[in-house]
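The following paragraphs walk through a structure, taking a loop, a pair of helices and a pocket in turn.

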Amino acid sequence: MNIDQAMTVLKNKGYKHTDKRADMLKLFADQKRYLSAKDVLESLQDEYPGLSFDTIYRNLSLFSDLNILEATELDGEKRFRFSCATSEHHHHLICLDCGKTKHIHSCPMDSLDTMYPDFEVTGHKFEIYGKCEECRSE
């Protein structure tokens, strides 16, 4: 997902183009990591001094509902990042310090069918948390 694709999704679903939404999406495009609502507020506060958590949460929830952003929970806090551009099934390694992610292209669920043939899986989520090389060296 990129900013243009995200804005097209919003437009096609009947949502207005606003500078705040565009700037929020630009932040996610520039950061390429999971961000909390607090991260978004701190980044946009100078440009939009009256910006509230409510506005941020409302837009983050909208973006998530429209599959523009994907969400996870780190340290008890919901965080968001642009949905992956690949439609190929994958999972993520997530750095707990900086929030950067890497794709894992193997899936631990691949052997589940043979282990539990009577169980129908309708969805799953698999994330591995730790510290990236850059954060470990600090």
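Helices (H or I, at least four residues) and strands (E, at least two) are DSSP runs, numbered from the N terminus. The model is a predicted one, in which local features need pLDDT of at least 70 and side-chain atom pairs count only at pLDDT 80 or more, whereas totals for chains, interfaces and linings use all residues. Residues are numbered from 1 along each chain as its sequence is written, and side-chain values use heavy atoms, with hydrogens and water left out.

In the loop between helix H5 (112-115) and E6 sits Pro-117. Because its relative accessibility is 65%, Pro-117 counts as exposed (buried is under 20% relative accessible area, exposed over 50%, and partly exposed in between, with a 1.4 Å probe and protein chains only). From Lys-32, Pro-117 is separated by 85 residues in sequence and by 38 Å in space, C-alpha to C-alpha.

Turning to the helices, the axes of H1 (residues 3-12) and H2 (residues 19-31) come within 10 Å and cross at roughly 145°, where axes are lines fitted to C-alpha atoms, for helices over the stretch in contact, and angles run from 0 to 180 degrees between N-to-C directions. On the H1 side, the contact (heavy atoms within 4.5 Å) is made by Ile-3, Ala-6, Met-7 and Leu-10, and on the H2 side by Arg-21, Ala-22, Leu-25, Lys-26 and Ala-29. These residues divide into seven nonpolar, no polar and two charged, with Ala, Val, Leu, Ile, Met, Phe, Trp, Tyr, Cys and Pro counted as nonpolar, Asp, Glu, Lys and Arg as charged, and the others, Gly among them, as polar.

Finally, the lining of the largest pocket comprises six nonpolar, two polar and five charged residues; a pocket is an open set of points on a 1 Å grid over the protein atoms alone, where a 1.4 Å probe fits, with protein on both sides within 12 Å along at least five of seven lines, and lining residues have an atom within 4 Å of a point. Of the 13 lining residues, Cys-95, Lys-102, Lys-131, Cys-132 and Glu-133 lie nearest the centre of the pocket.
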